[in-house]
Structures are given as structure tokens and as C-alpha cells.
Amino acid sequence: MNPTENKTVCSTEIDASCRVPLLALFGGAALWLVLGLTLGLAAMLSFHKPDMFADCPFLTFGRAQAAANDLLLYGFVIPAALGVMLWIFTRLSQAPLALPIVPVVAANLWHVGVLVGTVAILIGESTGHPWLEYPRPAAVLLFAAFMLIAVTAVATFGARLNRELYPSHWFMFAALLWFAWSYSTANLFLVSNYPPRGVVQSVIGWWLANNLLFVWLALAGIGIAFYFLPKISGQPLASSGYALFGFLTLVFFGTWCGIPQSAPVPAWLPTVSSFGALLSIIPVIALGIVAKKTVSGAKVACMGGPFCFIKFGVLSFVVSSLLYISEFCPRYSRVLDFTWFNFGVTQWQLLGFATMILVGAIYEILPRVMAKNLPLPKLAKANFFLLAGGTLLFVIPLLIGGLEQGMKFADANIPFADASAVALKFLRISTTGQLLVLLGALCLLLNVFVMTIQWKLGLIKTVIAAVTAPLKTSEVKS
Amino acid sequence: MSDENKSCCHPTATRSSAPMWIIVVTLSLLFFGGLYLDSHSGWFDAKVYAPYNSAEKLEAFQPKSVAAAAMARGKGLYEAVCGICHGSDGAGKPGQAPALAASEWVTTKGFNRLARIPLAGVNGPMQVAGKDWNLAMAAMGAALSDDNLAAVLTYIRTSWGNNASAVTGDDIKKIRAEVGKSPQIYTAEQLKALPE
């Protein structure tokens, strides 16, 4: 905590180097978030009025829900996380972004990939594997874009002036590696010309879903939170050894989960999953405790600011991860299978944990990168309450409804249709929450877009000013 | 930016390591998880599926010989086709079906009479194990294959204290040919007129 003299200059320079790449990543991501949530809402509306989109195949549940899930993960969470990670890499390196043009190209490639994938799902060309619905062209674009951004991050790290490693580095490096590894592996297996046959496909699908939604989100989200929590609270991370322990147990055990108990596969697969899930309790608790210790006693008011977002995100990480782990508890999981419970947990992980931390980080980063205050600070504040309240209102009814549904499914005297219908009253509340989340996402979109437009107008003004400025006398040739 | 000075210093971390208690908890979870893995994984055997836990347990369900396999198949078929009326303990049900355990119709030396009952059915008054019955049984076994019917009859003849000879598929084939394709339902007298 002893800034040398040139650092203040340095950090503005560093932030300026991130400006264009980050705007490209965040702008698209915010748009995809709004679109994804809108599609998710459209999908849920089929439960309120089943014939609403009967004549519109694009918006039938199967397509809209898949497109919405993928837009949340690939459209918002991953590009936003990559943007935030790039910025943290530059800040921790105390060096400007290396190869600043590469992430701009990559961001555009990524967004084109998401667009191609989403359109493909909506016209019925999805691959049919959950979380891997994007057909091959889109998957190739996403992977190429990811690798380009990862290379930029590594180059920035290599050019660092501050040699010391910080816990966020481990998490972010692991996240870069983890996505590249699991996404390419799963795509090579499932979206290739020679996919493995039979139930192996499902096993690979479960493995990917677990690695993206549990391990990757935890690595990226906690890596980012471990940068911002100490920074905003002004207290050191407590402690690096504890964080290392959480990190190692997470990457070691987290990746074993994912195969449901009811899977029609040899008994060792679900058993190993349950074993991994049991031990994954440790990193979740450990990382939660590190975050708690870091912020406890901090005298920083959060009132709807980035600190609020990130604290809520870490709390969501602990709760949603424990709920996720509970899905692999042998007896209990038989009740929860095929209910709304799993859907609720996934949405909590994506919205309550990842989106929350990322939106908070974006609000923290954007003013620095643009060297300008947020254009709509009130909306940013409202965003926290809409997103936090909306997420809880969205997922908690789904969890309770799922439990009730599961208990009814387990009772042989209750017809299947009746047991399914139990969830309807919960879905009514849950859709209200989804609407609030969507409003929150609109706040983010407005802030990012107004900021981009202001910046572009500023650029145009500078150009016009430069063109129309009277020539200096020294430059006038006589 | 008012906090620009603060923001240029990147966050630090204190150096202490993870506390002992969480390492102890990890190790104990590893221990209990290991016990669970040991008892439920079937030791990574590709043939072991839930709800079975181990290859040994599955092995116990596998018949040890051809005769044992036929017995196991006979038991399964008996319980699906015959056991509903005759009872899975072979004791019969009052007013529904006579006993097969210790029944003189079952434990005969040959099975020429016995095999015709499931093949063609039996009707009218009949004395079984000292009790008088007057019911009708349809040709419940006519749809079974020769080998399957032989397995069921073997099961009946050697279970619940019965100790008569086994029946083979070829025997049933012969009797089925004698009975004919659309057989007349037998009465007890007609059966008794046939050789054992």
C-alpha cells in the first residue's frame, strides 16, 4: 500500500488501454443479457398461457429456453467475465493491456458467434446437447475468440511490472484454462462427425455442464470477487493460504460432480459424483469464509454500489453452490430429479452469483476505464435492488415448488399431471422475479450504451475540433 | 476520481495459511466419502449399475449352473403366470386355486398328467391333497415355450418340499404334440385315465 509517484499516471494509462476492448465486450454482453432474459421470460410464459406462442415455432419452450440459457452464459457471463479479468490482469500487472487490438477483434468474433448460435437455436438447428446447443460454426467462433482473449491476458501478465502473484491470478488463470479445456473437449466429442454412442454423450454433457456452471463460474466469479472485495473494503484478503486451500480443493474435487444419481450409467459414475460433491462443500465454505473475513469490519457503505453487488454475489455463490451440491446427495436427489429445483439452482448460480458479481464489477470498472462518472447512477443503484430482489423472487419459489413437486412425484398415488401442476402457483411468483431481473438488466444496458454514445460523440467532437481548428501560425507556410 | 490514489494500489493478501479445523474437516469428509465410494461404486466395474453396489452382489444373483438357471427362470415365470392364484408359496388360495405343494397331482413320478393341465386346462370336480375342488383352470401355460413351461414345471416339482424329477423341453414338446393345437379342456377323470 505505498504507491510510488508514477503509479497514478500509470493507472489512468492502464485504464485507457482497456477502454475499447472492454466497451466491445461489455456493450455486447449487456445487450445479450437483456435479450437472454427476455427470451427466458417468453419461455416461462408458456406455463402461464400454453398457447401463447403456439403458432410461432421460434418461441416454443424448447427453443426459447435453450437460447435464453446460452445467452445468459455465453452471451453475458463469459464475455463480461473476460472483460473484467482483462482489466484485473492489467491492474495487477501495473502495465497497460498488451496487444489491445486483439481483444477488440475477439470480442466482435465472440458476439458474432453468439448471434449465429442464438439464431441457429431459434430456427431449430441446435445440437440438442444442453449448454452446447450452438452448432459447430458458432462454437468455433466462440473458441477462437476465447483463445485470443486468453492470449491477451497471458501477454499482459507476461509484461507485468509488479512481479508478485495475487490469489486472483490463480483463479483467473485456471478459469482461462478451464473453459478452453472443457469447451473444446466437449465440442470435439459431441459436435463432431463421430460422436461417441449412447449414454456416453449424456455423461460428457453432464461433465461439461458441471465444469461450466460450477467450476468455471466459481473460478471466474471468486477470482474477480477476491480482487474487488479487498480493494473496495480497503482491507487485505484474509488470507492467501486459506484462499489457496479453497482454490486447490475446488479445482480438485469440483470437477468430479455433475452426474445425477438417476443416470442410467454404471454405478461408479454417480457414486464418484456424490463423493466429489461431498468434498466440494469444503472449497465453497473456505472461499466463503475468506470473503467474509476480508469484508468484516470494513467501514464502507455499500448502498446499491458495486460493493453490494459483489458481497451479494459471494453470498449467492455459497448458497447456490451448497444447493447445487445437495442435488448429488444420494437419497435426496431422487426426490429433486426432474423438478424445477435444478432449474432454480442453475438460475441462481448464473444470475445471483455470476451476473451479480460481473454487473458490480462493470459498474466499478466502467467509470475508471472511461474516465467519466456513470451517466445514470440512480439506475445503477436501482439495478442492485432489482437484480438481487428479482433473483431471489425468481429462484426461491422454483426451489420450493421443485421440492413439493418432487415429493408428489415420489408418491405413487398422485397422478403425474397433478404432481407437475403443483409448480404452477410457484411459477407465477417466479415469473414476477424474472421481470424484475430483466428491468435490472435494462439499467445496465442503458448505462453502458449511454456511456458508449457519450464517448463516441466526444470522439467525433474531438475530430471535428481538430479539423476545424485554425492552423497554428507556425504551420502556415508563407 | 476521488479514490484514484487508493485504486492504483492493487489489493494485498495476508499470508497466514488455512486453519487446522478445515483441514481436519476435509480429511474426515475424505474418510466418510471414501467409505461411501467403497461401498457404492462397485469398484469401477462397468457392469455394476444402481441399485446394486458391488460385483459380488451381482454375482450372487447369477445362476451357478444350467439347472440353477432353469430354476431361476421357472421361479420368475411361475410368479408371473401361476403364482397369482396358486400363491408364491405354492399353498394355493381358498376358493381360487388348489395347493401345488405336496399335491399328488404335482409330485407324480412322471409328468404326463401334470403337463397337460397348463397346456389344455382342467375343469370340474377334482380332489387335491384331500380337498375337493370344483373349478376351472384355463390353458394358462399354452403360450409358454417348451423350455419355459419345462422350467416352470421343474420349479413346481422341486419347490416347497416337493421332490419330483425335473422336466425337459423335449418332454413338453412331445406332450404338446399329443395334446394337439386346439385341445379340449380336461376333466380329472380324463387325466386319471392317462398314464402318469
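Trainee: What percentage of the 478 residues in chain A is buried?

Mentor: Happy to start there. A residue is buried if 20 or more other C-beta atoms, placed from the backbone, lie within 10 Å of its own. On that definition, the share of buried residues in chain A is 54%. A word on the source: this is a predicted model, where local features need pLDDT of at least 70, side-chain atom pairs count only at pLDDT 80 or more, and totals for chains, interfaces and linings use all residues. Residues are numbered from 1 along each chain as its sequence is written, while chains are lettered from A and ligands numbered from 1 in the order in which they are written. So back to your value for chain A, by definition of buried: 54%.

Trainee: How many helices are there in chain A?

Mentor: Helices (H or I, at least four residues) and strands (E, at least two) are DSSP runs, numbered from the N terminus. Chain A has zero strands, and its count of helices is 14.

Trainee: Which strands of chain B stand at the edges of the sheet?

Mentor: Two strands pair if DSSP finds at least two bridges between them. The open sheet of chain B has three strands with mixed pairing, in the order E2-E1-E3. One side of each edge strand lacks a neighbour in the sheet because each has a single partner strand; they are E2 (131-137) and E3 (186-187).

Trainee: Which residue is the bridge partner of Gly124(B) in E2(B)?

Mentor: Strand E1 of chain B, residues 122-128, runs antiparallel to E2(B), joined by seven bridges. Among them, Pro125(B) is partnered by Asn134(B), and Gly124(B) by Leu135(B).

Technical notes:
Buried ≥ 20, exposed ≤ 12 C-beta atoms within 10 Å, placed from the backbone.
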